[in-house]
Amino acid sequence: MSLPQPHNTVKRLLALYLLMAIVMTAAANSPDGNGSTSRAHLFCRQWMSHPEPDDMSMVWFRKTFVASDKPSKAFVSIATTGLFMLYVNGRNVSTACYMPQRTHESATAVMDFDIARFLRKDSNTVAVLYAPLDSSRQQLAVTYYGITRQGKRFAHAESDGWLCRKANSRMSVCGGEVMDARLGTYGWSHGDLCLALWLPASAAEPQCARPLSLYPTAAHTPRMQTHATQTQARPLQPDSCGARIWAARSCKHVSRSDKSVVCDFSPGFYGLVRVTIRGARKGERIDIGPLHYFCNGQLDEQAYLRFTPFYGRKIEIKGDSRFSSQQITEVEVLEIY
């Protein structure tokens with residue numbers, strides 16, 4: 001007894017599904033005319049945040065990826081609602097002080113980086129220092145992807161395995177920063193450190209978006225796209241990916257009193273301030289323009305702004321009752337563009 005034959009409509013649907021599968025497989029495995037893989041498909045970014053996000057605290061995010069060999073091509077794509085610095089195995093990937101150079105806060109920046117030269121053969125740690133512009137739970141979405149030595153493509157876009165902890169710096173209500181050096185910073189972007197105080201990053205709802213170029217036009221050059229938020233669409237400047245230093249100027253005109261130091265950088269600057277301090281006591285507070293710094297008590301320490309450049313000509317430095325103007329050994333500004 002022969003089995004009943006499927007209806008013609010069912011046959012056509014099966015043939016259509018088979019054809020679609022063949023086309024999608026070919027598109028995913030064949031290069032285009034520019035030597036990059038097909039980017040016709042969609043992928044989802046898994047957003048993550050600190051378990052208790054706020055609009056002041058800077059946050060470290062980190063994850064270690066274990067592999068049996070160094071990939072032939074490797075990239076990191078970052079979507080963020082704030083500002084960030086990217087490290088791979090403890091090395092700053094970008095030449096910028098921070099990224100992106102924003103003109104509006106209500107946009108999501110998406111940037112990708114070629115990180116192949118920073119990788120090791122066995123394990124690789126990706127770390128991101130994030131600075132918020134609001135209290136959103138969509139702080140970061142990080143995708144690590146590339147091609148193995150065997151020619152296989154890989155991608156890690158999930159938030160599972162990412163750890164986070166609040167940094168020793170935070171934004172201040174006056175538009176500057178507060179840095180507490182007593183908390184320490186050494187090794188937070190490396191792979192070999194104690195993780196007892198780190199927390200699992202909290203996952204947010206994934207967002208689907210078209211992927212960036214798998215192969216940037218110039219190696220190690222960040223590229224940026226913008227995506228409108230649900231509330232307002234304000235694009236970033238496409239040619240302003242990061243804040244880069246074009247000059248470092250030491251102060252030549254210094255006025256000292258017992259309890260203050262005034263540095264004159266005439267005719268003025270736009271940038272970040274950095275101060276070298278010697279002989280301060282642990283916990284001593286020093287106010288450096290828009291930066292409020294708590295000393296760690298080491299012989300020499302540096303107080304500096306990370307994410308909040310400002311326009312200025314004079315910088316006044318003062319502190320609490322333990323402060324002495326002789327503790328300030330050097331004051332400089334990093335002018336950015």
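Arg274 is partly exposed, with a relative accessible area of 25%; partly exposed denotes the range between buried, under 20% relative accessible area, and exposed, over 50%, as found with a 1.4 Å probe and protein chains only. The model is predicted, so local features need pLDDT of at least 70 and side-chain atom pairs count only at pLDDT 80 or more, while totals for chains, interfaces and linings use all residues. Residues are numbered from 1 along each chain as its sequence is written, and side-chain values use heavy atoms, with hydrogens and water left out.

**Salt bridges**

Side chains of opposite charge can pair when their charged atoms come close. A salt bridge is defined here as a side-chain nitrogen of Lys or Arg within 4 Å of a carboxyl oxygen of Asp or Glu. The whole structure holds nine salt bridges, and the table presents three of them.

| Arg274 | Glu332 | 2.8 Å |

Arg274 belongs to strand β19 and Glu332 to strand β24 (residues 328-336), so their bridge ties together parts that are 58 residues apart in sequence. Strands (E, at least two residues) and helices (H or I, at least four) are DSSP runs, numbered from the N terminus. Glu332 counts as buried because its relative accessibility is 10%.

Lys166 is partly exposed, at a relative accessible area of 31%.

**Nonpolar cores**

A nonpolar core is a set of buried Ala, Val, Leu, Ile, Met, Phe, Trp, Tyr and Cys residues joined through side-chain atoms within 4.5 Å. The largest such core has 42 residues, and those with the most contacts inside it are Ile288, Phe307, Ile315, Ile317 and Val331. Strand β19 (residues 260-278) gives the most to this core, namely eight residues. Another core lies apart from it and has 29 residues, including Val88, Leu119, Val142 and Trp162.

Which residues does Val331 contact, if its neighbours within four places in sequence are left aside? With contact taken as heavy atoms within 4.5 Å, the partners of Val331 include Cys263, Phe265, Val273, Arg274 and Ile317.

**Aromatic rings**

Rings of Phe, Tyr and Trp (its six-membered ring) pair if their centres lie within 6.5 Å; planes under 30 degrees apart count as stacked, over 60 as edge-to-face and the rest as tilted. This rule gives 11 aromatic pairs. One of them joins Phe265 and Phe269 edge-to-face, at 5.6 Å centre to centre and 75° between the planes; both residues are buried. Elsewhere, ring pairs link Phe65, Tyr144, Phe154 and Trp162 into a cluster.

**The chain as a whole**

The chain contains one helix and 24 strands. Of its 337 residues, 48% count as buried. Among contacts between residues at least 6 apart in sequence, 80% join residues at least 24 apart.
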